[in-house]
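Please walk through this structure with me, one piece at a time. Keep the sequence and the model side by side as you read.

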Amino acid sequence: MAAPAPQALRVPITRPQLGRPEADAAARVVRSGWVIQGPEVAAFESELAAAVGAPSAVAVSSGTVALELTLKALGIGPGDEVITVSHSFIATANSIVAVGATPVFVDVERDTFGMDPAQLPAAVGPKTRAILCVHQIGFPCALSPILAFAKPRGLPVIEDAACALGSEIEIDDRWERIGRPHGTAACFSFHPRKIITTGDGGMITTSDSALANRIRSLRQHAMTVPPEVRDRDPLAREQYLEPAHNARMTDIAAAVGRPQLARLDAYIAERRRLAGAYFESLTDHPILLPIIERESLRSNWQSYPVMVRSDCGVTQETVIRFFYDRGIATRRGLTNAHQEPAYTTRELARRPVPLNVSEELRDQTVMLPLFHGMTKQEERIVREAIAELALE
């Protein structure tokens, strides 16, 4: 492919939309003098629970911590196995290893990037304690058959919903948001690549009040007296019920997240419009193949993945370089934990089934820029490059 002279980056892969409302919110907290977990965190929890339809929400310091604390709160540890996918950000598998358990990897479905329910029977065993599925890059996984498999076996289902705030799934003829939750708990991330960012941070939603209370304890050193109570009663003596760590979200972070959460519906509408425009540009494209949503799933389009056609004679690396030379940032497909040194050099996980689709997706997927706040010019630059690539 002939390439123009490399240009300065004109279109990033994403750009957090932070402005005056977020700055004012952070300043409000700074002036208040209460900057660690407090009233802003409580308000953020309540507002997010309402946004997804969850009875309880617990804010923590990151999406990875959300997964770890949920596993720990469920009593999962050494000697236990958790069925999950390798095709995900490394935090999914690492959270299982962090509590001393063993990830058991199954393959994914090509059109959802999520867990293939048909492979669960081959992965379950006497040590299986939970299923950790992933709503990957905003695409809900096939949750209904996963829940149907888990329920009669008494297995909790933890949803790694790091990328899926605002995504929806059709269950019992109703559209419901991911995080309601449909499994035991759903874990979100507020990393800058996500639809809402607090710099870093996470949230767990659940309908199990006992589980929520245990996570609240674990996020604060398993301390019996929360700070707001201690401030009202200086003689209150706290106890520490078990070894635990600091996983609190700050009030500054929560305050920054709240005005963005109020705009969530507008963000998703804009992302869906952009996804539709990209799909139009990719119709009958000779090199790039768009993903088509299942009728029962609605993505928030946290990312926009395209597949490099296997029969086009063009590699993933060539496509990424093509866009880069035109000032457009793209990214490779998701990593596979089982192909990373952390797992290839150690016996940390089990693979009872081949992971062929996971490996193909890693090497054939390219993420195009898509984010709310994308300018018309940025959209035009990307769509023109898509059209130019078709002519190469």
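Gly 100 follows helix H4, and its phi is positive, near 90°. The model is a predicted one. Step back from Gly 100 into the helix itself. H4 covers residues 91-98. Its buried residues are Ala 91, Thr 92, Ala 93, Ser 95 and Ile 96. What do the buried residues of H4 pack against? Their partners are helices H3 (63-73) and H12 (341-344), together with strands S2 (81-85), S3, S4 (128-134) and S5 (157-160).

Now move to helix H14. It runs over residues 376-391, which makes 16 residues. From its first C-alpha to its last, H14 reaches 23 Å. That is close to the 22 Å expected at 1.5 Å a residue. Which residues of H14 are buried? They are Glu 378, Glu 379, Ile 381, Val 382, Ala 385, Ile 386 and Leu 389. Look down the axis of H14: these buried residues fall within an arc of 160°, so they line one face of the helix. An α-helix has 3.6 residues a turn, so residues three or four places apart point the same way. On the other side of H14, Lys 376, Gln 377 and Leu 391 are exposed. The cover over the buried residues of H14 includes helices H10 (264-282) and H11 (316-324). It also includes strands S10 (288-290) and S14 (365-368).

One of those buried residues, Glu 379, carries a charge pairing too. The side chains of Glu 379 and Arg 273 meet in a salt bridge, 3.2 Å from N to O. This pair links distant parts of the chain: Arg 273 sits in helix H10 and Glu 379 in helix H14, 106 residues apart. Are the two partners buried or exposed? Glu 379 has a relative accessible area of 7%, so it is buried. Arg 273 is at 39%, so it counts as partly exposed.

Arg 272 forms a salt bridge with Glu 168, and their closest N and O atoms are 3.1 Å apart. Arg 272 lies in helix H10, while Glu 168 lies in strand S6 (residues 168-171), so the pair ties together parts that are 104 residues apart in sequence. Glu 168 is buried, because its relative accessible area is 14% and the cut-off for buried is under 20%. Arg 272 is partly exposed, at 30%.

Arg 294 and Asp 111 form a salt bridge, with the closest N and O atoms 2.8 Å apart. Arg 294 is in the loop between S10 and strand S11 (297-298). Asp 111 is in the loop between strand S3 (102-106) and helix H5 (120-123). The two are 183 residues apart. Both partners are partly exposed: Arg 294 has a relative accessible area of 29%, and Asp 111 has 28%.

How many salt bridges does the structure hold? There are 25. Some join up: Arg 28, Glu 40, Glu 47 and Arg 258 are linked in a network of salt bridges.

Finish at the surface. Val 30, Val 35, Ile 36 and Ile 252 form a nonpolar patch there. Together they have about 280 Å² of accessible area. Val 30 belongs to helix H1 (residues 20-32). Why does Val 30 count as exposed? Its relative accessibility is 52%, and exposed means over 50%.

How values were computed: Residues are numbered from 1 along each chain as its sequence is written. This is a predicted model: local features need pLDDT of at least 70, side-chain atom pairs count only at pLDDT 80 or more; totals for chains, interfaces and linings use all residues. Side-chain values use heavy atoms; hydrogens and water are left out. Patches are made of residues with over 30% relative accessible area and no salt bridge: like charges are joined within 9 Å, nonpolar side chains (Val, Leu, Ile, Met, Phe, Trp, Tyr) within 5 Å. Accessible areas come from the Shrake-Rupley method with a 1.4 Å probe; for residues, only the protein chains shown count as cover. A salt bridge is a side-chain nitrogen of Lys or Arg within 4 Å of a carboxyl oxygen of Asp or Glu. Helices (H or I, at least four residues) and strands (E, at least two) are DSSP runs, numbered from the N terminus. Buried means under 20% relative accessible area, exposed over 50%, partly exposed in between (1.4 Å probe, protein chains only). The expected span of a helix is 1.5 Å times one less than its number of residues. The arc is that of the directions from the helix axis to the C-beta atoms. Contact means heavy atoms within 4.5 Å.
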